Amino acid sequence: QVQLMESGGGLVLPGGSLRLSCVASGNIIRIDDMGWYRQAPGPQRELVAVITRSGNTNYADSVKGRFTISRDDAKNTVYLQMNSLQPDDTAVYYCHAELVRSGSMFARDYWGQGTRVAVSS
C-alpha cells in the first residue's frame with residue numbers, strides 16, 4: 001500500500017517562512033511528477049507547484065518567486081519551501097505524486113491527507 005505523508009504546516013506571521021515535506025512510502029517502483037496543491041475554504045483545489053522526474057518545475061503565478069519545490073528521489077520526498085508568506089496563502093496543502101507501485105504497469109495519482117498552513121498576525 002502506498003501512502004503520502006505531509007509535515008511542516010503550522011501558524012506563521014505574514015512575511016514568515018515554512019518548509020513542507022512529503023514522504024511517499026510503500027511498494028513504489030517509480031515516482032514521476034510530484035507536487036503540491038492547496039485548498040482554502042471552498043471547493044476548489046489549486047496547483048501550487050509541480051516537479052517532474054527530470055527536475056523541471058512549474059509554479060502558480062501567485063507563488064512564483066516566493067515558493068520553491070524540490071525533491072529527493074533517494075528518500076521519495078518532495079519539499080516546498082515557502083517564503084514571504086501572506087494571509088492569502090492560508091490553506092490546507094496537499095501532496096500529490098504520480099507513481100507506479102509494485103504489481104502495477106501504469107502510474108496513477110496518490111494524495112496525502114493534507115497539512116494546514118495559516119498565515120496570520
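R71 belongs to strand 7, which spans residues 67-72 (strands being DSSP runs of E with at least two residues, numbered from the N terminus). The model is a predicted one, in which local features need pLDDT of at least 70 and side-chain atom pairs count only at pLDDT 80 or more, whereas totals for chains, interfaces and linings use all residues. Residues are numbered from 1 along each chain as its sequence is written, and side-chain values use heavy atoms, with hydrogens and water left out.

R71 counts as buried because its relative accessibility is 16%, the term buried meaning under 20% relative accessible area with a 1.4 Å probe and protein chains only. The side chain of R71 makes a polar contact of 2.8 Å with that of D73, and a polar atom of the R71 side chain lies 3.1 Å from the backbone oxygen of T52. A polar contact is a pair of N or O atoms within 3.5 Å, where, within protein, one must be able to donate a hydrogen and the other to accept it, and residues adjacent in sequence count only if both atoms are side-chain atoms.

## The nonpolar core

The largest nonpolar core has 31 residues, of which W36, L80, M82 and Y93 touch the most other members; such a core is a set of buried Ala, Val, Leu, Ile, Met, Phe, Trp, Tyr and Cys residues joined through side-chain atoms within 4.5 Å. Strand 9 contributes the most to this core, with five residues.

Notes. Helix = DSSP H or I, 4+ residues; strand = E, 2+ residues; numbered from the N terminus. Buried < 20%, exposed > 50% of the residue type's maximum accessible area, 1.4 Å probe, protein only.
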